Amino acid sequence: MNTTKHLFIVRSLSGGGKSTLAKQIAEREQCYHLEADMYFVHDGVYKFNAKELGHAHKWCYDMVEKYLVLDGKVVVSNTFTTLRELLSYFRLAAKNEPCLVSVLEPSTLWKYDVTECFKRNTHNVPIHVLEAQLARWVEIPEGLYDSSDLLEKYERIARETSAAASTLR
């Protein structure tokens, strides 16, 4: 019996195709798919409330942790534009070792095209928000990673980046 857990992290700008990819992975892997936007769906209707965004991300994180522990596999899809956002999930995976982490992006041609993402996103995310998402986008190579190695590498990068920024102040 395979006891290695697997966290699939799907990231892109809003409208970039992450939910579609995440649903495909969840169906193939027969596991849960979660995203912060699900917090805003009540009786099948999506009603975004910016004041609740922090709660939505906390809910998503808690649900990912629950299903990672219970089922061993889960797909989470959010924008994940910053290293800080990614690190919380890298830490979660490392806490649940042995755990593999797949970092994935949709293969859509428009995933970094703000204008096209604006046309395609289903939640009416304004173009200035998409531009901000792209401006803070951190490059993380797609791939399959050991959670401890991944966490160690990106915590080191975060420390180095923070140290470099503090010397500029």
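What follows is a short chat about a predicted model of one protein chain.

Me: Hi! What should I know before I start reading this model?
Reply: It is a predicted model, where local features need pLDDT of at least 70, side-chain atom pairs count only at pLDDT 80 or more, and totals for chains, interfaces and linings use all residues. Residues are numbered from 1 along each chain as its sequence is written, and side-chain values use heavy atoms, with hydrogens and water left out.

Me: What share of the residues is buried?
Reply: Of the 169 residues, 41% count as buried. Buried means under 20% relative accessible area, exposed over 50%, and partly exposed in between (1.4 Å probe, protein chains only).

Me: Let's pick a residue. Where is Ala22?
Reply: Ala22 is in helix H1, residues 18-29. With a relative accessible area of 0%, Ala22 is buried.

Me: Which residues does Ala22 touch?
Reply: Leaving out residues up to four places away in sequence, Ala22 touches Val10, His33, Val75 and Ser77. A contact means heavy atoms within 4.5 Å.

Me: New topic: how many residues are in helix H3?
Reply: H3 (residues 83-95) has 13 residues and reaches 18 Å from its first C-alpha to its last, close to the 18 Å expected at 1.5 Å a residue. The expected span is 1.5 Å times one less than the number of residues.

Me: Which residues of H3 are buried?
Reply: They are Leu83, Leu86, Leu87, Tyr89, Phe90, Leu92, Ala93 and Ala94.

Me: Last one: is Ser147 buried or exposed?
Reply: Ser147 counts as buried, at 1% relative accessibility. Ser147 sits in helix H6, residues 147-168.

Me: And what does Ser147 touch?
Reply: Not counting residues up to four places away in sequence, Ser147 touches Ala93, Ala94, Glu97, Cys99 and Val101. Ala93 and Ala94 are among the buried residues of H3.

Terms used. Helices (H or I, at least four residues) and strands (E, at least two) are DSSP runs, numbered from the N terminus.
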